[in-house]
Amino acid sequence: MRQAKKRHIIWSNLNLDLDDWRDDLKEEYPGLNEDELYEKMHEANDEYLLYERENLNIELDHAILVIADLGLWNGRHLGYKEIRSGNIKDCLYSDVDMIEWFIDENGDLRANAIHHDGINHYLYREYRDDDTDKIDHLLDKIYKGKVSKKDIDKVTKPIGPMIAKVYGLELKDERKQYELQR
């Protein structure tokens, strides 16, 4: 039997279960019906995302690269975007209905985002420096779908260790192997 990968969920709106929230919600909002309780659960969970953004208001030295494994109507594709602010809180934004951000067992910040065409998987990494030649070379490899772990490690570093400090998590040595795939 395959062992589940260890990870720390930062925030998620996947698999919310009203049964987990019911007692607290009924105490705070007596008299609400099931639909109203369900709506309150989502509102409260969305507020928690605001708190996580406050927790992760951490300014890094360089921009953040988001490497995406996109599930699109015409198959899976690699892509990227940059978070120029270099602030970790800016990683916690999405335009999909359902998403989960987490630190994986190797100390990388990741997200799984569900949308109408499938699931996107995101890996968030900070650039090591501002060497535009190295960055452009990496972005070109991502664009062409020819990027390797070694390529990513050469130009970026994980941001999970900074997040782990906020939550008091212990992570493996960041030099250990990690998988680009989920």
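This is a predicted model: local features need pLDDT of at least 70, side-chain atom pairs count only at pLDDT 80 or more; totals for chains, interfaces and linings use all residues.
The protein chain contains 5 helices and 7 strands. Read from the N terminus, these elements follow the order β-α-α-β-β-β-β-β-α-α-β-α. Along the principal axes, the C-alpha atoms occupy a box of roughly 60 × 40 × 40 Å. Of the 182 residues in the protein chain, 41% are buried. When contacts between residues at least 6 apart in sequence are considered, 66% of them join residues at least 24 apart. The accessible surface amounts to about 11,300 Å², and carbon and sulfur atoms account for 46% of that area.

The side chain of Asn13 has polar atoms placed close to the backbone at two positions: one distance, to the backbone oxygen of Asp97, is 2.8 Å, and another, to the backbone nitrogen of Ile99, is 2.7 Å. Beyond its neighbours within four places in sequence, Asn13 is in contact with Asp97, Met98 and Ile99, and also with Asn45.

At the start of helix H1, a side-chain oxygen of Asp17 comes to within 3.0 Å of the backbone nitrogen of Asp19. The buried residues of H1 are Leu18, Trp21, Arg22 and Leu25. Viewed down the helix axis, these buried residues fall within an arc of 130°, so they line one face of H1. An α-helix has 3.6 residues a turn, so residues three or four places apart point the same way. The buried residues of H1 pack against helix H2 (34-55). On the face of H1 turned away from this buried side lie the exposed residues Asp20, Asp23, Asp24 and Glu27.

Lys26 is also part of helix H1. Its relative accessible area is 42%; this value lies between the limits of 20% and 50%, so Lys26 is partly exposed. Between Lys26 and Glu39 there is a separation of 13 residues in sequence, and their C-alpha atoms are 13 Å apart in space.

Technical notes. Residues are numbered from 1 along each chain as its sequence is written. Side-chain values use heavy atoms; hydrogens and water are left out. Helices (H or I, at least four residues) and strands (E, at least two) are DSSP runs, numbered from the N terminus. Buried means under 20% relative accessible area, exposed over 50%, partly exposed in between (1.4 Å probe, protein chains only). Contact means heavy atoms within 4.5 Å. Accessible areas come from the Shrake-Rupley method with a 1.4 Å probe; for residues, only the protein chains shown count as cover. A polar contact is a pair of N or O atoms within 3.5 Å; within protein, one must be able to donate a hydrogen and the other to accept it, and residues adjacent in sequence count only if both atoms are side-chain atoms. The arc is that of the directions from the helix axis to the C-beta atoms.
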